[in-house]
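Please keep the sequence and the model in view while reading.

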Amino acid sequence: MFKICIIAFGLLSCVGAFTPTPTTRYATINALRSSPDDNVEEPEIPAAPVVEPINGWVPDSSLPCYGLPGAIMPTGFFDPVGFTRSGITLDDVKKYREAEVQHGRVAMLATVGYLAGEAVSGPFSINGPANDQLQQVPLPAFIILTLFIAGVELYRATVGWIEPAGGPGSKTLWTLRETYYPGDIGFDPLGLKPKDAKGFATRQTKELQNGRLAMLGWAGMCAQELVNHKSIFETLDFYQKVYSGVNPYESIIDSM
């Protein structure tokens, strides 16, 4: 009888060894309920690349003109035509600013050139209204001037624009470099370029404002000379006599 009890107890122990515990039972149920996708690790989304500031400027699509300097009071950001409307690409904004800066610089030189060229007789006996002076330049000097301008423009193109790749569908044509700041071709012989971001933005705004004023001033002088074919100083002298009550044609009448 004692042996029979020992054998029965041993059988119950063996059966208990193969009986699932509550923890094992719940783990088995959860494993059956889970789908294969639950065990797949989600790929890590790479962080957005940090844009390196260019002369302290970091493009911001939420700001007008991507945050480029140039807006001052009382008008603030002034774009009635909508060149920098919402949705325009950063490359287009940079190209518009490049055109504005370069045309402003040329206009500032042209404004000084109009006044200086008409006040002092230049080389090759060039004189008269500035609009009529270019055709007075001798052909060899004109060729040298043309080659100089072409060299400057080619240098600016190599600094600011990426090299166009051939082939159909290429989008590299007329595309500025990502690290290029509009108008900054590295020419600063006097070392006037500020090192800090705030100082650069202030200097850039001053240059833009003077360039915009020069473009308007040069356009006015060019139009005036196209109308009356007189130099700027001759026109000033004419209207000075008019507003002083003096007949500007008196000298002409006396000579007749």
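Gln133 touches Gly117, Glu118, Ile126, Asn127 and Gly128, where contact means heavy atoms within 4.5 Å and residues up to four places away in sequence are not counted. This is a predicted model, in which local features need pLDDT of at least 70 and side-chain atom pairs count only at pLDDT 80 or more, while totals for chains, interfaces and linings use all residues. Residues are numbered from 1 along each chain as its sequence is written, and side-chain values use heavy atoms, with hydrogens and water left out.

Gln133 lies in the loop between helix 3 and helix 4; helices are DSSP runs of H or I with at least four residues, numbered from the N terminus. Its relative accessibility of 13% makes Gln133 buried (under 20% relative accessible area; exposed is over 50% and partly exposed in between, with a 1.4 Å probe and protein chains only). A polar atom of the Gln133 side chain lies 2.9 Å from the backbone oxygen of Gly128.

The structure also holds six aromatic pairs, defined by ring centres of Phe, Tyr or Trp (its six-membered ring) within 6.5 Å; planes under 30 degrees apart are stacked, over 60 edge-to-face and the rest tilted. Phe83 and Tyr96 form an edge-to-face pair, 5.8 Å centre to centre with 65° between the planes. Phe83 lies in the loop between helix 2 (22-33) and helix 3 (90-119) and Tyr96 in helix 3, so this pair ties together parts 13 residues apart in sequence. Phe83 is partly exposed at 46% relative accessibility, and Tyr96 is partly exposed at 42%.

Key: Helix = DSSP H or I, 4+ residues; strand = E, 2+ residues; numbered from the N terminus. Polar contact = N/O pair within 3.5 Å; in protein donor to acceptor, adjacent residues only side chain to side chain.
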